[in-house]
Every structure is written in structure tokens, then in C-alpha cells.
Amino acid sequence: MELRQVKGNTWVLDSWELIPLYKLDAHHCVLLDTGTWDQRDELEAALDAAGLDPVAILCSHAHMDHMGSNAYFQKTRGTQVIMSLGEAAQIMSPLGIQLQYYNFNMGAFGQYPELGTAPCLPDRILLPGEREIEIGGAKFEILPTPGHTIDHISVRTPDDVLYLADAMMTGRILHHAKFPYAISVGEYLDTLVKLREVKAAEYIVAHKGIYQEILPFIDLELRFFRQRMLDLLDRIDEVTTPKLLTQAICAHDRARPKSPRSLAYFEQASQNYLNYLTDQGWLALEIQENTLVYRKVSVPGDRPLVKLPPTGWFCDNRPVRREDIWNWNK
């Protein structure tokens, strides 16, 4: 991993995702997430090469690509793990991990090492309403950004650098997203709209970019979600289920899940989108032959699937184009 300066004492470790850190002094830092379990050796080597010891991990959310080494650093270096209440509750035990990962059968955990390395009790839990935390004399602002997960947070460093983690997508990640994941699509979209009003000197998006301006990305993503909802409705004939919708999307987009866990992820994402479309009045949840199904219902043709800000950069009805996303990724 290459250590790159963003602004002041805020740096990132550059890999296939960005892992930010804040230098408290020449030898101590605060990590903002720890990446995946299999990035551990690379992460630790980069920290050692820079002469940095992480005294705290201020974790954005309890997904394995962001907290895969939380427990490891806590155990081996005494690093303080800090998480929001909703995220901390999910990783206190293997059962919590199981429930977070689609209630996946415990016997299969051995096939996925990342699911067996994460359980830990955070040293400090951020309660609802807490908007600031001091670590080693440095003050970090906490911004609630739920939707991707139940209690996802974004963190502003003392350099006015805002780490957004997975609160939004940009660039090629957005363009290639077939199943962009949100535990609550409605909350995720609300967070995007709120982020339009949040100013910072620099923004760090975990997957992957460092920007001085994010408004175009946010509005492009909002339009992308509107288009994605229309695509999903096109995949529904009269009724559907999460399994049927997953099959239809995989067939149309030529997606080939490589493991049971990947397919479980797709089905959970489909469930979350169906929940959103039902809440918006486009679908109705019914029972047919002892099976829960989602049925299309008649709605006005101009009813918005996703509400776009009236002052947005991309508020017309054109489909999202590759060049739109890639141009803003420079």
C-alpha cells in the first residue's frame, strides 16, 4: 500500500480501496477503517514502514471490507476500536455476524475466512446524537450517513477532510454496479440528498477516489438509482419474489455469482429494492399459494421513483452514460 497525503495530517493507504488515517504525531495515528482480513499483512507492513502505530480505529461500518482487521489490531496492539452503536451491535459475536450476512449457515463460515475473524467488542461506542469525538487531542466530527448499513457514519478529520466510506459511489464502481447494496434504499437516497449540503475541503470515497467536489457524483448517483428502479420494474412481469428477481437480473446483466454467499448477497439486495418499491407504492406485498410475492400495482405515470433535487447537476431524463460517470472520475 502506498501512503499518500490528502491534506495536513490526513493520509490514505492506497490499495484497491482507500484506507484513511490521521497522524496524531510522527509515530501514532488513527485509522479510519482497516480494510479486509486479507489486506492485513500489507496494511501492517505499510504502517510499520511509516513508523506509525494505530492507537485507535474509528470505523465507518461493520462490513468485512472495512473492519476486517479491527479485532486483530485490538488484540495485538491494544488499538482502541470505536464504532457507532448500531454497527457495534452486529459484530459482538459470531451470531451477530451470521445475522448481518443474510443469516448464512454457521457451518459454511469455514469457507469464508473473513466471516470468522471479525467478532469483537468495541472499546468505545458512539451513541445516537454524538457528533464529535476526541482521540489523542484531535477532534473528529461524526456525521450519521445510514442506508448502506443501519448506522453507517462518515468522519471529518481536523483537516476538514470528510471520509464518506460507503455512503456514496463514484466513478467506475457506480458504472459497473449491478447490485449496489443498501440495507435501506430509502435511507441511502435520503443520505445522498443530505450530503449535497455538506461542505469539506476534501472528500474521500472508499471505493475509490479523493475529490474536492462531490455534487456531480451525488446527483449522478441519484439519477442512476432512478434508472435502476425502472430497470428492476421492467424485470417484473406481474409478480415476483427476491429469488425470481435475482434470477431475472442475473440473466439480463449476465452476472454469474461464484459462490453461495455471492448469490445470497444478490438475493438480499433484491429484497431491499423490492421493499423500497413497495414503500413507494409501485408494488404490493401479497400471499399467493403460501408464498410472499410482490405484485405490480397501477400508479400514475409521473410518480417519481427517486426524488431528484431541483437544483441538481443531472436532473433531466437522459439515461446515465458511461462518459458521464468516467468524466467526473478524473
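How many aromatic pairs does a search of the whole structure find? The search finds eight. The model is a predicted one.

**Aromatic pairs**

A pair of aromatic rings is described by the distance of the centres and the angle of the planes. Two of the pairs are set out below.

| Pair | Distance of ring centres | Angle of planes | Class |
|---|---|---|---|
| Tyr-22 and Phe-140 | 5.4 Å | 85 degrees | edge-to-face |
| Tyr-211 and Phe-217 | 4.4 Å | 50 degrees | tilted |

The pair of Tyr-22 and Phe-140 counts as edge-to-face because its planes stand at 85 degrees, and the cut-off for that class is over 60. Tyr-22 belongs to strand S3, whereas Phe-140 belongs to strand S9 (residues 138-144), so this pair ties together parts that are 118 residues apart in sequence. Both Tyr-22 and Phe-140 are buried.

For Tyr-211 and Phe-217 the planes are at 50 degrees, so the pair is tilted. Tyr-211 and Phe-217 are both buried as well.

Elsewhere, one aromatic cluster is formed by Tyr-188, Phe-224, Phe-225 and Tyr-273. An aromatic ring also takes part in a contact with a charge: the charged end of Lys-23 sits over the ring of Trp-11, at 3.9 Å from the ring centre.

**The sheet that contains S9**

Strand S9, which carries Phe-140, is part of an open sheet of six strands. The strand order is S8-S9-S10-S11-S12-S13, and the pairing is mixed. Strand S8 (132-135) and strand S13 (209-211) are at the edges; each has a single partner strand, so one side of each is left without a neighbour in the sheet. From one strand to the next, the twist averages 25 degrees.

The pairing of S8 with S9 is antiparallel and runs over four bridges. Opposite Glu-132 stands Glu-141 of S9.

**Ser-15**

Where is Ser-15 placed? Ser-15 is in the loop between strand S2 (10-14) and strand S3 (18-23). Is this residue buried or exposed? Ser-15 has a relative accessible area of 14% and therefore counts as buried, the cut-off being under 20%.

Apart from neighbours within four places in sequence, Ser-15 is in contact with Met-1, Gln-39, Glu-42 and Lys-208. With one of these, Gln-39, there is a polar contact between side chains, at 3.2 Å.

How values were computed
Residues are numbered from 1 along each chain as its sequence is written. This is a predicted model: local features need pLDDT of at least 70, side-chain atom pairs count only at pLDDT 80 or more; totals for chains, interfaces and linings use all residues. Side-chain values use heavy atoms; hydrogens and water are left out. Helices (H or I, at least four residues) and strands (E, at least two) are DSSP runs, numbered from the N terminus. Buried means under 20% relative accessible area, exposed over 50%, partly exposed in between (1.4 Å probe, protein chains only). A polar contact is a pair of N or O atoms within 3.5 Å; within protein, one must be able to donate a hydrogen and the other to accept it, and residues adjacent in sequence count only if both atoms are side-chain atoms. Contact means heavy atoms within 4.5 Å. Rings of Phe, Tyr and Trp (its six-membered ring) pair if their centres lie within 6.5 Å; planes under 30 degrees apart count as stacked, over 60 as edge-to-face and the rest as tilted. A charge sits over a ring if NZ of Lys or CZ of Arg is within 6 Å of the ring centre and within 35 degrees of the ring normal. Two strands pair if DSSP finds at least two bridges between them. Axes are lines fitted to C-alpha atoms, for helices over the stretch in contact, and angles run from 0 to 180 degrees between N-to-C directions.
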